[in-house]
Amino acid sequence: MKVSVPALCYTVQNNLQFVAASHLGAALLQLLYQTKTLSTAIFGVIILSKSLRCNQWLALMVLVAGVVTAQWSQQGAGGELAKGDVMTGVLAALGVSICSGFASVYLEKILKGTPVERGWISSCGKRAKTKVPFVCAVYSSFAPPSGGLS
């Protein structure tokens, strides 16, 4: 039940990515998606009660500004910034960053706050053992025939 919140956030994030991609060009979409780092840091401060020093905040701002500048310079003059309603695309892209940052930090809080149970580890081990034959079967069905040329 605890992981339903991040799961819902990731579902919303995926849907917002489609909305943003249908309204924005690739260059602008990538520019706006770089705010994910900043939103994750903000949610880390709020939810996990982490404290960041001034130089860490400055480093985050410089990182975001540097990535935005690099992406903007690579975009060039011929890139398409928008394919539809720009405001809808920008809001959707920012929603992607917020959902992603929140879900990541919330999941970290859940994982750090929950003691690891021996039964859970055993269950994962058993599941992994059953997946190995399945993966081998799938791989062999897609592997090219080794009989040479016919």
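This is a predicted model: local features need pLDDT of at least 70, side-chain atom pairs count only at pLDDT 80 or more; totals for chains, interfaces and linings use all residues.
**Overall architecture**

The chain has 150 residues, of which 21% are buried. Its secondary structure consists of six helices and zero strands, giving the pattern α-α-α-α-α-α along the sequence. Among contacts between residues at least 6 apart in sequence, 83% join residues that are at least 24 apart.

**Helix H5**

Helix H5 covers residues 86–113, a run of 28 residues. From its first C-alpha to its last, H5 reaches 40 Å, close to the 40 Å expected at 1.5 Å a residue. The buried residues of H5 include Gly 89, Gly 95 and Gly 101, together with Ala 92, Ala 93 and Ala 103. Val 96, Ser 97, Cys 99, Ser 100, Val 105 and Ile 110 of H5 are buried as well. The partners against which the buried residues of H5 pack are helix H1 (4–23), helix H2 (26–33) and helix H3 (36–47).

Two packed helices are described by the angle between their axes and the distance between the axes.

| Helix pair | Angle between axes | Distance between axes |
|---|---|---|
| H1 and H5 | about 160° | 8 Å |
| H2 and H5 | about 35° | 9 Å |
| H3 and H5 | about 40° | 8 Å |

**H1 against H5**

With an angle of about 160° between them, H1 is roughly antiparallel to H5, because angles over 145 degrees are counted in that way. The crossing of H1 with H5 is left-handed. The contact of H1 with H5 contains 17 nonpolar and eight polar residues, and no charged residues.

Is Gln 13 buried or exposed? Its relative accessibility is 7%, so Gln 13 counts as buried, the limit being under 20%. Not counting residues up to four places away in sequence, Gln 13 touches Val 96, Cys 99 and Ser 100, as well as Tyr 33. Val 96, Cys 99 and Ser 100 are listed among the buried residues of H5, and Tyr 33 belongs to H2.

**H2 against H5**

H2 passes H5 in a right-handed crossing. On the H2 side, the contact involves Leu 29, Leu 32 and Tyr 33. These residues meet Val 90, Ala 93, Leu 94, Val 96, Ser 97 and Ser 100 of H5. By class, the contact of H2 with H5 has seven nonpolar residues, two polar residues and no charged residues.

Ala 93, which lies in H5, is buried, with a relative accessible area of 2%. Which residues does Ala 93 contact, leaving aside its neighbours within four places in sequence? They are Ala 20, Leu 24, Leu 29 and Leu 32. Ala 93 and Ala 21 are 72 residues apart in sequence, while their C-alpha atoms are 8.3 Å apart in space.

H3 has 12 residues and reaches 16 Å from its first C-alpha to its last, close to the 16 Å expected at 1.5 Å a residue. Its buried residues are Leu 38, Ser 39, Ala 41, Phe 43, Gly 44 and Ile 47.

H3 and H5 pack at an angle of about 40°, and the two helices are therefore oblique to each other. Their crossing is right-handed. H3 contributes Lys 36, Ser 39, Thr 40, Phe 43, Gly 44 and Ile 47 to the contact. The residues from H5 are Ser 97, Ile 98, Ser 100, Gly 101, Phe 102, Val 105 and Lys 109. Residues of this contact divide into five nonpolar, six polar and two charged.

Ser 49 lies in the loop between H3 and helix H4 (54–75). Most residues other than glycine have a negative phi. Ser 49, although not a glycine, has a positive phi of about 55°. Ser 49 is exposed, with a relative accessible area of 62%.

Methods
Residues are numbered from 1 along each chain as its sequence is written. Side-chain values use heavy atoms; hydrogens and water are left out. Helices (H or I, at least four residues) and strands (E, at least two) are DSSP runs, numbered from the N terminus. The expected span of a helix is 1.5 Å times one less than its number of residues. Buried means under 20% relative accessible area, exposed over 50%, partly exposed in between (1.4 Å probe, protein chains only). Contact means heavy atoms within 4.5 Å. Axes are lines fitted to C-alpha atoms, for helices over the stretch in contact, and angles run from 0 to 180 degrees between N-to-C directions. Angles under 35 degrees count as roughly parallel, over 145 as roughly antiparallel, 65 to 115 as roughly perpendicular and the rest as oblique. A crossing is left-handed if the near helix is turned anticlockwise from the far one by less than a right angle, and right-handed if clockwise. Ala, Val, Leu, Ile, Met, Phe, Trp, Tyr, Cys and Pro count as nonpolar, Asp, Glu, Lys and Arg as charged, and the others, Gly among them, as polar.
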